[in-house]
Amino acid sequence: VNVIATMLESFSDLSVFGTVSDRFVQDPYADFHALQAESYTGTLISDTIGGGTINAERAFLTGYSYPQPRYRRDTESFVRYFLEQGYETEGGHPGYAWFYSREKINERLGFETYHFLDGYYENLLTDENSLDGHPNDETFFAERAESWEARDPSKPCFSFSVSYQGHSPYADDTLVWGETYIPHDGISDAAYYTVNNYLGSVASTGKQLAAYVDSFRDDPEPVVLVFFGDHKPTLGAGNSFYEELGVNVQEGTAEGLYHLYTTPYLIWANDAAKAVLGQDFTGTGPTISPCYLMSVLFDCCGWDGPSWMQLQRQTIRVMKESHLLAGVIIHADWLTFNPYLRQLIHCLLHALHTKCKVTQPTGLRAVHTLRRIFLCEKLQLCVFVNTQIQLPIFTLWTVVFSDNREAQLVHIEIL
């Protein structure tokens with residue numbers, strides 16, 4: 001089964017906010033919502049806004065949460081796992097090869113071929129399709145479809161690409177896309193132009209997604225498509241234009257964090273893939289960090305995946321969102337020492353003690369760090385996992401902060 005994933009630059013669904021969607025004079029998300037209706041779809045909680053694209057990108061490709069390793073040599077990743085299963089591994093991004101060291105690091109992750117603006121997408125530029133020197137989504141997705149047709153048909157394909165069109169900044173003094181989605185009433189001039197230009201880009205991307213998906217519908221080859229947004233856009237200084245639209249984006253509140261850091265994902269399969277895998281690929285998926293998205297994809301396909309992914313499945317039962325020093329939201333009733341948590345701890349012990357592919361310089365680096373977990377607006381849990389002692393004793397230092405800033409240190413030893 002072929003897997004083709006695309007990360008969409010700054011793509012988010014602002015229609016989930018009633019104060020935004022109630023203002024629509026036309027729906028910029030019509031095509032995207034139509035795709036959601038026939039897909040398995042859910043929500044990601046990113047750890048950045050308006051930038052830091054690489055965080056979600058490499059989290060998806062490796063399963064590692066921020067901070068990422070430096071990737072100075074070949075490393076284990078889900079890309080390499082596909083490669084070891086006999087897949088062709090390729091992709092494209094109409095940005096510069098040097099940015100985020102993608103050219104070098106993508107090769108170290110296991111990509112055999114990867115195209116960038118330099119020497120490839122720049123050759124596709126015209127006066128009509130250029131957005132600040134980068135091809136728009138119409139040209140980008142057309143090239144991705146042509147790349148699929150030109151692949152080696154003797155091998156299945158894993159493809160991962162990153163779009164550019166939605167990149168900020170958005171013009172604040174003219175309607176670049178020539179369309180109004182939010183009327184001017186009640187918002188500043190800058191908010192009117194900025195928000196409508198962002199929504200114009202979103203509407204264009206949705207149209208291109210629909211055409212791209214249609215190109216695979218009747219393909220006899222089984223194909224699973226994945227689309228997700230890397231982060232929300234910055235809209236105004238201090239994201240003030242969200243506030244003008246009535247959206248709470250105050251990071252000091254759980255609601256504000258959720259509003260500011262969520263993006264959609266969807267997993268779609270053509271009829272050939274559904275027949276091979278015996279899955280219908282519809283329904284609502286979990287709210288997760290980008291590092292878990294590949295695991296969710298494998299679950300949809302009914303695949304076990306590598307050992308690192310199997311460890312993730314234990315982790316996700318306890319902590320569905322995982323970021324270093326970021327909003328990590330878990331259900332309060334999971335705070336107790338339940339069987340899932342016990343099972344997770346034993347898996348971590350095994351991973352720390354083993355000599356297999358999961359090593360400290362990669363995924364388990366995050367296990368050693370301080371984490372802040374928001375149980376609710378008034379209660380936080382900070383955890384430091386101490387593995388610098390002799391196994392098999394596993395030590396967790398847990399600090400619980402209440403709304404009055406009282407702290408309690410809890411020490412747990414698991415033999």
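Predicted model: local features only at pLDDT ≥ 70, side-chain atom pairs only at ≥ 80, totals over all residues.

Biologist: Why is serine 159 called buried?

Modeller: Buried means under 20% relative accessible area. Serine 159 has 3% relative accessibility, so it counts as buried. This serine sits in strand β7, residues 157-162. Leaving out residues up to four places away in sequence, serine 159 touches Val3, Ile4, Ala5, Glu90, Gly91 and Arg144.

Biologist: And what makes alanine 56 buried?

Modeller: The cut-off is under 20%, and alanine 56 has a relative accessible area of 2%, so it is buried. You'll find alanine 56 in helix α3, residues 53-62. Beyond the neighbours within four places in sequence, its contacts are Met7, Phe228, Asp230 and Pro290. Serine 46 is 10 residues from alanine 56 in sequence, with 6.7 Å between their C-alpha atoms.

Biologist: What is the phi of tyrosine 71, and what of aspartate 132?

Modeller: Phi of tyrosine 71 is near 55°, a positive value in a residue other than glycine. Aspartate 132 also has a phi near 55°, again positive and again not in a glycine.

Biologist: How do you know that the peptide bond joining serine 168 and proline 169 is cis?

Modeller: Its omega is about 5°, and the bond is listed as cis. Proline 169 is in the loop between β7 and α7. Proline 169 is also among the residues nearest the centre of the second largest pocket, along with Leu131, Asp132, Gln165 and His167.

Biologist: What else can you say about the second largest pocket, in volume and in the classes of its lining?

Modeller: Its volume is about 260 Å³. The lining has 13 residues, and by class these are seven nonpolar, five polar and one charged.

Biologist: What makes something a cavity rather than a pocket?

Modeller: A cavity is a set of points where a 1.4 Å probe fits but cannot get out, whereas a pocket is open. This structure holds three cavities of 30 Å³ or more. The second largest cavity has a volume of about 50 Å³. Its lining includes Leu8, Phe11, Asp137, Gln165, Tyr198 and Thr205. Helix α7, residues 189-217, gives the most to that lining, with four residues. The lining divides into four nonpolar, six polar and two charged residues.

Biologist: What is in the largest nonpolar core?

Modeller: The largest nonpolar core has 48 residues, and those with the most contacts inside it include Phe158, Phe160, Met294 and Leu297. Helix α11, residues 293-301, supplies the largest share of this core, seven residues. Apart from it lies another core of 47 residues, Val20, Leu35, Tyr170 and Leu266 among them.

Biologist: Which residues is leucine 297 in contact with, leaving aside its neighbours within four places in sequence?

Modeller: They are Val3, Val224, Val226 and Ile267.

Biologist: How do you know that α6 reaches close to the expected span?

Modeller: Helix α6, residues 137-149, has 13 residues and reaches 18 Å from first C-alpha to last, close to the 18 Å expected at 1.5 Å a residue. Its buried residues include Asp137, Phe140, Phe141, Arg144 and Trp148.

Note on methods. Residues numbered from 1 in each chain as written. Heavy atoms only, no water. 1 Å grid on protein atoms, 1.4 Å probe; cavity = no way out; pocket = protein on both sides within 12 Å on 5 of 7 lines; lining within 4 Å. Points joined across faces, edges and corners; volume = space filled by probe spheres on them. Helix = DSSP H or I, 4+ residues; strand = E, 2+ residues; numbered from the N terminus. Nonpolar A, V, L, I, M, F, W, Y, C, P; charged D, E, K, R; others polar. Core = buried A, V, L, I, M, F, W, Y, C linked by side-chain atoms within 4.5 Å. Buried < 20%, exposed > 50% of the residue type's maximum accessible area, 1.4 Å probe, protein only. Contact = heavy atoms within 4.5 Å. Expected span 1.5 Å × (residues − 1).
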